[in-house]
Amino acid sequence: MNRKPMVWLLLALVMASYATYIFLSSGSESVWSLISGIIIAAASLVMVWRFCRELKTNRQE
């Protein structure tokens, strides 16, 4: 198995945990923390999508 899909999954998990930390610790204090949490969560979802796409590509090869 190619390591590239696992890198995307690892990055997605790290970013998702950081977004969760932002939402739980300072979600109601500032608008900017809420915006940054949403952006990081969206980036995490994109990385999960890339992980799934890489898995499909590796299966077809």
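Met-47 lies in helix α2. Helices here are DSSP runs of H or I with at least four residues, strands are E runs of at least two, and both are numbered from the N terminus. This is a predicted model, in which local features need pLDDT of at least 70, side-chain atom pairs count only at pLDDT 80 or more, and totals for chains, interfaces and linings use all residues. Residues are numbered from 1 along each chain as its sequence is written, and side-chain values use heavy atoms, with hydrogens and water left out.

Is Met-47 buried or exposed? Met-47 is buried, because its relative accessible area is 14%. Buried means under 20% relative accessible area, exposed means over 50%, and partly exposed is in between, with a 1.4 Å probe and protein chains only. Met-47 is in contact with Trp-8, Leu-11, Ala-12 and Met-15, leaving aside neighbours within four places in sequence. Contact means heavy atoms within 4.5 Å. Further along the chain, Asn-58 is 11 residues from Met-47, and their C-alpha atoms are separated by 16 Å.

## The nonpolar core

Which residues make the largest nonpolar core? Its five residues are Trp-8, Ala-12, Met-47, Phe-51 and Leu-55. The elements that give two or more residues to this core are α1 (4–26) and α2. Helix α2 gives the largest share, three residues. A nonpolar core is a set of buried Ala, Val, Leu, Ile, Met, Phe, Trp, Tyr and Cys residues joined through side-chain atoms within 4.5 Å.

Trp-8 sits in helix α1. Trp-8 has a relative accessible area of 19%, so this residue is buried. Not counting residues up to four places away in sequence, Trp-8 touches Met-47, Arg-50, Phe-51 and Glu-54.

## The tyrosine pair

The structure holds one aromatic pair. Tyr-18 and Tyr-21 have ring centres 6.5 Å apart and planes at 25°, so the pair is stacked. Rings of Phe, Tyr and Trp (its six-membered ring) pair if their centres lie within 6.5 Å; planes under 30 degrees apart count as stacked, over 60 as edge-to-face and the rest as tilted.

Both tyrosines lie in helix α1, three residues apart, which is about one turn of the helix. Tyr-18 is partly exposed, with a relative accessible area of 46%. Tyr-21 counts as exposed, at 53% relative accessibility.

## A patch on the surface

Which residues make a nonpolar surface patch of about 460 Å²? Val-31, Trp-32, Ile-35 and Ile-39 do. Trp-32 is found in helix α2, which covers residues 31–60. Trp-32 is exposed, because its relative accessible area is 66%.

Patches are made of residues with over 30% relative accessible area and no salt bridge; like charges are joined within 9 Å, and nonpolar side chains (Val, Leu, Ile, Met, Phe, Trp, Tyr) within 5 Å. A salt bridge is a side-chain nitrogen of Lys or Arg within 4 Å of a carboxyl oxygen of Asp or Glu. Accessible areas come from the Shrake-Rupley method with a 1.4 Å probe; for residues, only the protein chains shown count as cover.

## Distances along and across

Val-14 lies in helix α1. With a relative accessible area of 48%, Val-14 is partly exposed. Val-14 and Ser-44 are 30 residues apart in sequence and 8.2 Å apart in space, C-alpha to C-alpha. Trp-8 and Ile-38 are also 30 residues apart in sequence, but 19 Å apart in space, C-alpha to C-alpha.

Ser-25 is in helix α1. Its relative accessible area is 39%, so Ser-25 is partly exposed. Between Ser-25 and Met-47 there are 24 Å in space, C-alpha to C-alpha, and these two are 22 residues apart in sequence.
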